[in-house]
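Please keep the sequence and the structure in view while reading the numbered points.

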Amino acid sequence: MITNHHVSGLMILFTLAIGLLLTLLPLPEALAAARPAFYPATVLFWVLMQPLRFGLVAAWVCGILIDVIYGTPFAEHGLALAVAAYLVVQMRELLWSFPPWQQSLLIAPAIVAYEFVLFWIDGVAGAEVNQWWRWLPVLTTPLIWPLWTFLLERIAEFEVG
Amino acid sequence: MRGFADDDDNKGPLRGRGVSPGIKIVAIAIVSVVLMMVDNAHDALAPVRGTLAIAMQPIQIAAEMPGDVADYLGRYFNRGELIEDNEALNRRVLLLRARLQRLAALEAENERIRALLASASSLDQNVLIARVLSVTPDPYRHRIKLNKGSADGVFKGQALIDANGIMGQVTDVTPLDSRAILITDANHGIPVEINRTGLQTIAQGTGRSNELRLPFLANNADVRNGDLLVSSGLGGRYPAGYPVGRVQNVDHKPGDEFLDVVAEPAAHLNRGREVLLVWTSDTGAKAEKANDEKPSADTADAADGANRADAGSDDR
């Protein structure tokens, strides 16, 4: 567990950049809708693993970066990520007690909250898209969670050993 | 990073400074909603967006790289295809040149006739080729990102065309890149006229990349399958006379007041990586105007143009 180690800000930024890259890679339309939310998963991973360094405000700032890239209303993804991070903070101690594949089930509600906030704000902003595949990341993100957190921990261990 | 951390409710190993996550999330929600409203109403946040966008540039370039490399390798290994392409293009250039000769004469004649009508319009339009950096990763919006920004003179509201017709307009400009909305986005409307009859109407996007809708045509309007829609230039946002689409289906439901008309966009919206940014001759005035207008304004501006008024002359 890297929870007990101090991971540097640079390392966190590096993994976030990787997550963002995977989120932005151009994919065929059919696949793009089902793409796991790598970037939010990375943010939630750090919210979970570095409680003293990476919290709600950090998650919010990370979300705003997506807003800048997507051109969505400023702070839309920020709010969505902060809400998801809030759920993770509430479940933190529970999550710590489970192995990654069981964490997936608990992470799912946070991803649902993330997608729901986006869905809601899009609706209010008049950019509503009510298609069932909009919710696919809710399924795919927990599926990759064990593998993704495993990779992130290995990357972080380069630094903290 | 230190300031970003939050603490659990003063319990367990995380005891410390006392702002609970509950209070934080409420504060964040309020700030977010205010920011979204400000963003929606003003351009006050544009510089913040611009600065952050520049900071994110390397990641976006990196995300585009696999596609670019694949393109490059594809080109490298497909020599035969390239030669074929080249020949086809050469033939096409020849053909277009032949047509252009006629066009030059027509243009000159048109200018003369316009001069006789004492109208100030000019057919001279500058264009700049921009590359599509990315189609919006959000699959629910028809937005694209271009590699030209305000440093190249791109301005908000500028029209975007490809070889076949109008694609959309610029909505956000940062110094190095810009974002554009396509005419098929569900939140977009473009004033058009039916080329055959001159009838003015609005073509709205539907959210599907091969479909436009013309919701404001009265039952007795003269519109047929195959009619070409060209931009009317009303509203001052788009240059006049560019193809927008072709009518595909006209449906009259008895009892309805309006026809149900579907058109297919002329531009190849989801193909090709190069687009043209257009500067019309009155660009200066337009750029100024564009900066304090919202992009959807032209729908409202031209909404009263459903009947053929001789608006052409005062718009130009």
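1. Helices (H or I, at least four residues) and strands (E, at least two) are DSSP runs, numbered from the N terminus. Ile121(A) belongs to helix α6, which covers residues 100-125 of chain A. Residues are numbered from 1 along each chain as its sequence is written, and chains are lettered from A and ligands from 1 in the order in which they are written. The model is predicted, with local features requiring pLDDT of at least 70 and side-chain atom pairs pLDDT 80 or more, while totals for chains, interfaces and linings use all residues.

2. Is Ile121(A) buried or exposed? It is buried, because 21 C-beta neighbours lie inside 10 Å. A residue is buried if 20 or more other C-beta atoms, placed from the backbone, lie within 10 Å of its own, exposed if 12 or fewer, and partly exposed in between. Leaving aside residues up to four places away in sequence, Ile121(A) touches Pro73(A) and Glu76(A); a contact requires C-beta atoms, placed from the backbone, within 7 Å. Pro73(A) is 48 residues away along the chain, yet the two C-alpha atoms are separated by 8.8 Å.

3. An unreviewed UniProt entry annotates residues 56-89 and 101-121 of chain A as "transmembrane region"; such annotations may be inferred rather than shown by experiment. Residues 101-121 of chain A are 100% helix and 0% strand, with end C-alpha atoms 31 Å apart. Residues 56-89 of chain A are 85% helix and 0% strand, with end C-alpha atoms 8 Å apart.

4. The contact between the chains takes 43 residues from chain A and 40 residues from chain B. On the chain A side, α1, α2, α4 and α5 each supply at least two residues, and α5(A) gives the most, with 10 residues.

5. In chain B, 6 strands close into a barrel in the order β6-β7-β8-β11-β10-β9, with antiparallel pairing; two strands pair if DSSP finds at least two bridges between them. One example is β9 (residues 228-231) with β10 (residues 243-251) of chain B, which pair over 3 bridges. Within β10(B), Pro243(B) is the bridge partner of Val230(B).

6. As to confidence, pLDDT is the predictor's confidence in each residue, from 0 to 100. Chain B has a mean pLDDT of 78, and 78% of its residues reach 70 or more. Residues 7-16 of chain B stay under 50, and residues 283-316 of chain B are also below 50. For the complex, the predictor gives an ipTM of 0.87 and a pTM of 0.63.

Methods
Two residues are in contact if their C-beta atoms, placed from the backbone, lie within 7 Å.
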